[in-house]
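Could you walk me through this fold, starting with the sheet and then turning to the aromatic rings?

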Amino acid sequence: MKNGIKVVGIGELLWDMLPEGKRAGGAPINFVYHAARLGARGCAVSAVGRDALGEEILDQLDRNGIEHCIARSDYPTGTVLVKLDDKGVPSYEITENVAWDNIPLSQEALSAVSEADAVCYGTLASRSGKSAEAIEKLLSAAPKDAILFYDVNLRGRYYNAELLRKLLVFANVFKINDEEIIILKDMLGLKGDCSQMCRALLEEYNLKYLILTAGSKYSEVYWRGGFSRVDTPKVKVADTVGAGDSFSGAFVYGILSGMSVEQAHKLAVKVSAYVCTRSGAWPKYERGQFL
């Protein structure tokens with residue numbers, strides 16, 4: 001097992017405004033939270049406002065042992081209004097012109113990424129030019145042998161084919177769900193069924209792994225010469241906010257810990273199923289529950 005695993009999440013850091021109250025979140029930072037809960041050294045790269053919400057979320061990072069390179073911005077700390085349907089599945093209203101739309105390129109962040117074993121990023125934080133430029137330069141600073149984990153995480157109108165292709169070029173691991181791959185089918189000109197499209201993306205972008213999740217049904221991991229499928233456990237769902245990000249953090253932690261792909265996949269499924277039984281993206285748990 002490798003010791004001293006370091007993971008970095010770059011992108012949106014925000015408050016999910018849930019029916020029962022606000023919870024810290026933001027997909028790449030959720031990834032860091034869960035990898036850190038399992039034993040990694042986690043670092044968040046983002047921006048928050050010079051406001052009370054910014055102070056609170058920095059305190060949350062500190063309380064959870066997450067290192068951070070968080071710029072303070074004149075823009076407000078990000079918020080997302082989260083509405084849940086009767087199955088706990090969320091829909092999002094994402095505030096625009098917020099701090100994480102203005103992530104600067106800092107030497108501190110470059111240093112953090114240059115030491116990383118894995119870097120997670122998504123599509124949403126590249127909706128603004130300033131953050132997009134910083135994210136691309138940070139990804140370019142990652143070690144050549146690092147995992148560059150791109151969770152496409154499509155939200156609202158904040159994506160297009162050009163942006164997806166640009167971000168895919170950086171990735172060596174790509175995560176997508178069964179609804180998103182249908183969107184990409186048209187946008188990127190993919191052909192065939194889900195399995196054929198996953199294999200095509202794996203080859204075209206020279207990926208180590210491609211992860212396809214299908215909510216309460218199953219998840220699959222593709223790699224050259226291999227395939228893993230695990231059915232999703234049946235649990236009592238509180239909400240599914242952050243469940244996909246917990247899957248990502250656990251899978252990467254497993255791989256970097258020396259697990260086989262199949263073992264890392266099973267760990268990811270266990271963690272994400274547990275997260276669905278709790279409210280918000282950052283529920284408490286001990287690593288021994290799953291390892």
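This is a predicted model: local features need pLDDT of at least 70, side-chain atom pairs count only at pLDDT 80 or more; totals for chains, interfaces and linings use all residues.

Strand 8 and strand 9 pair in the parallel sense, over five bridges.

The aromatic rings come next, and the model has nine aromatic pairs. One of them is made by Y121 and Y150: their ring centres are 5.0 Å apart and their planes are at 0 degrees, so the pair is stacked, as planes under 30 degrees apart count as such. Y121 belongs to strand 8 (residues 118-122) and Y150 to strand 9 (residues 147-151), so this pair links parts of the chain that are 29 residues apart. Both Y121 and Y150 are buried. Ring pairs also bring in F174, giving a cluster of Y121, Y150 and F174.

A second pair has another geometry. Y274 and Y285 sit edge-to-face, with 5.8 Å from centre to centre and 75 degrees between the planes. Y274 lies in helix 9 (residues 261-276), while Y285 is in the segment after helix 9, 11 residues apart from its partner. Y274 has a relative accessible area of 16%, and because buried means under 20%, it counts as buried. Y285 is buried too, at 2% relative accessibility.

Two arginines also meet aromatic faces. R127 lies over the face of Y158, at 4.7 Å from the ring centre. R37 lies over the face of Y285, at 5.6 Å from the ring centre.

R37 takes us to the last stop, helix 1 (residues 27-37). How many residues of this helix are buried? The count is 11 of the 11, so helix 1 is largely enclosed by the rest of the structure. Among these buried residues are P28, F31, Y33, H34 and R37 itself. Helix 1 is followed by G39, which has a positive phi, near 130 degrees.

Key
Residues are numbered from 1 along each chain as its sequence is written. Side-chain values use heavy atoms; hydrogens and water are left out. Rings of Phe, Tyr and Trp (its six-membered ring) pair if their centres lie within 6.5 Å; planes under 30 degrees apart count as stacked, over 60 as edge-to-face and the rest as tilted. Helices (H or I, at least four residues) and strands (E, at least two) are DSSP runs, numbered from the N terminus. Buried means under 20% relative accessible area, exposed over 50%, partly exposed in between (1.4 Å probe, protein chains only). A charge sits over a ring if NZ of Lys or CZ of Arg is within 6 Å of the ring centre and within 35 degrees of the ring normal. Two strands pair if DSSP finds at least two bridges between them.
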